[in-house]
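Please look over the sequence and the structure first.

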Amino acid sequence: MAKHYKNEGIMKFLTILGGIVGLVWIISGFASLAGSGFVPIIVPDFLPLERFLTLIIGLVIVILTLLVGIKPDKPLPFHWLVLLILGILLVIFQAGIWACVLLVIAALIGLIEDL
């Protein structure tokens, strides 16, 4: 049985927005491998292969984030803890701090409702 939050609409909006922001950062990361990135690189010390693998993993996490926002409880449960973990993973795998901030805000809304 899935848990429904009172502010689920706001949480979904923030999750989808965070996924879109993360997707922009990931696309910019791929573009920077070719030398034409439009968003500054956070950690420029990666080797190209390491950066490529990090961006691939980040793309998978961004897609999971978007799926959690669009189809709750289908690939992953729509729970505040899952949103918090996805937000942290977005920062680790080069999807940008703003995507993390949006997901952490959505997670905090869910946490406050659980209390």
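Which helix gives the most residues to the nonpolar patch? Helix 2 (residues 48-70) does, with 5 residues. Helices here are DSSP runs of H or I with at least four residues, numbered from the N terminus.

The model is predicted: local features need pLDDT of at least 70 and side-chain atom pairs pLDDT 80 or more, while totals for chains, interfaces and linings use all residues. Residues are numbered from 1 along each chain as its sequence is written, and side-chain values use heavy atoms, without hydrogens and water.

**Patch**

Leu33, Leu49, Phe52, Leu53, Ile56 and Val60 make up a nonpolar surface patch of about 520 Å². Like charges are joined within 9 Å, and nonpolar side chains (Val, Leu, Ile, Met, Phe, Trp, Tyr) within 5 Å. Areas come from the Shrake-Rupley method with a 1.4 Å probe; for residues, only the protein chains shown count as cover.

Ile56 lies in helix 2 and counts as partly exposed because its relative accessibility is 34%. Buried means under 20% relative accessible area, exposed over 50%, and partly exposed in between (1.4 Å probe, protein chains only).

Most residues other than glycine have a negative phi. Two exceptions are tabulated here.

How values were computed
Patches are made of residues with over 30% relative accessible area and no salt bridge: like charges are joined within 9 Å, nonpolar side chains (Val, Leu, Ile, Met, Phe, Trp, Tyr) within 5 Å. A salt bridge is a side-chain nitrogen of Lys or Arg within 4 Å of a carboxyl oxygen of Asp or Glu. Helices (H or I, at least four residues) and strands (E, at least two) are DSSP runs, numbered from the N terminus.
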